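Here's a quick tour of a two-chain model, one piece at a time. Take a look at the structure first, then read on.

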Amino acid sequence: MKTITIILTDGPYISEYGEIGCKIASQALRMSHVNIFLYLDAVHMAHRGHKPSLFAEVGRLLSDLAERGAEVRACARCSAARGYLAGEDGICPDFYQGIKITSLYDLAGMIEESDRVIALSG
Amino acid sequence: MRSKKSVFYLLDSAPYGCEKAYGILNAAAVCIKMDVTVGLYADGVYLALAGQDSRPLAVPSLSDLIYAYPEVRILAHEPSLAERSLMSRALIEWVELADDTDFMTQIRAADCMIAL
């Protein structure tokens with residue numbers, strides 16, 4: 001099975017990259033293993049409680065993808081810098097279920113194991 | 001034996017005032033088991049300048065980060081330096097210069113290109 005990694009860096013509403021990334025991931029999951037790494041401002045996508053009226057709720061989409069088997073991870077440094085802290089299990093109470101905070105070294109591992117890497121960044 | 005994977009990170013924004021350069025250097029630093037290159041293009045070439053003093057900004061010096069990870073190859077797009085009148089300025093010692101063709105060749109040769 002091929003592996004695809006999607007890297008997101010924008011905040012949830014400055015662009016549609018989050019939603020686009022989720023659509024790509026949703027299709028890719030039918031035939032591939034999918035990793036999604038939230039980097040820089042993209043860690044805000046994982047934050048629960050957003051109720052956007054004009055935009056997709058990307059955190060919920062990411063959580064759904066995680067439930068379908070995607071590995072959805074958020075950078076620990078970027079998260080901590082923005083006030084999101086995780087326990088030892090990587091679970092952050094502020095985040096949607098299935099999205100874990102992890103070391104940036106996991107991004108390197110994802111890149112190394114991937115057949116395709118897609119960075120969506122404004 | 002399979003050769004090491006190569007990763008090309010592309011930076012086209014200035015090093016300070018935005019987290020992208022810091023983010024790219026950190027992402028490159030964790031990839032040093034692979035062949036990793038940071039390509040500086042457009043305003044990204046300001047990151048190549050020697051003697052960066054970021055203390056007035058109260059943020060880490062990104063040139064220190066470059067010095068800390070000599071395994072990360074730094075490639076600066078020469079036309080971008082020239083367009084910004086930076087060709088006479090001192091650059092970090094191991095920054096390599098590349099013209100348009102060389103720069104694009106390096107991107108095409110990489111297993112993956114990541115623009116943040």
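## Chain B in outline

Of the 116 residues in chain B, 34% are buried (buried: 20 or more other C-beta atoms within 10 Å of the residue's own, with C-beta atoms placed from the backbone; exposed is 12 or fewer, partly exposed in between). This is a predicted model, where local features need pLDDT of at least 70, side-chain atom pairs count only at pLDDT 80 or more, and totals for chains, interfaces and linings use all residues. Residues are numbered from 1 along each chain as its sequence is written, while chains are lettered from A and ligands numbered from 1 in the order in which they are written.

Chain B has four helices and five strands, running β-α-β-α-β-α-β-α-β from the N terminus (DSSP runs: helices are H or I with at least four residues, strands are E with at least two, numbered from the N terminus). Its radius of gyration, taken over C-alpha atoms, is 14 Å, close to the 13 Å from the globule rule for 116 residues, so chain B is as compact as a globular protein of that length; the rule is 2.2 Å times the number of residues to the power 0.38. The C-alpha trace of chain B spans about 50 × 30 × 25 Å along its principal axes.

## The sheet in chain A

Over in chain A, five strands make an open sheet with parallel pairing, in the order β4-β3-β2-β1-β5 (strands pair if DSSP finds at least two bridges between them). β4 (99-102) and β5 of chain A sit at the edges, each pairing on one side only. From one strand to the next, the twist averages 25°.

Helix α1 (residues 17-28) of chain A packs on this sheet and touches β1 (2-8), β2 and β5 of chain A, with its direction at about 170° to that of β1(A). Here axes are lines fitted to C-alpha atoms, for helices over the stretch in contact, and angles run from 0 to 180 degrees between N-to-C directions. A contact means C-beta atoms, placed from the backbone, within 7 Å.

## Where the chains meet

Chain A and chain B each put 13 residues into the contact. On chain A's side, α4 (105-113) and β5 (116-120) are the elements giving two or more residues, and α4(A) has the largest share with five.

## The nonpolar core

The largest nonpolar core holds 70 residues, and Y9(B) is among those with the most contacts inside it (a core joins buried Ala, Val, Leu, Ile, Met, Phe, Trp, Tyr and Cys through C-beta atoms within 7 Å). Beyond its neighbours within four places in sequence, Y9(B) contacts residues including I24(B), V38(B) and L116(B).

Conventions
Two residues are in contact if their C-beta atoms, placed from the backbone, lie within 7 Å.
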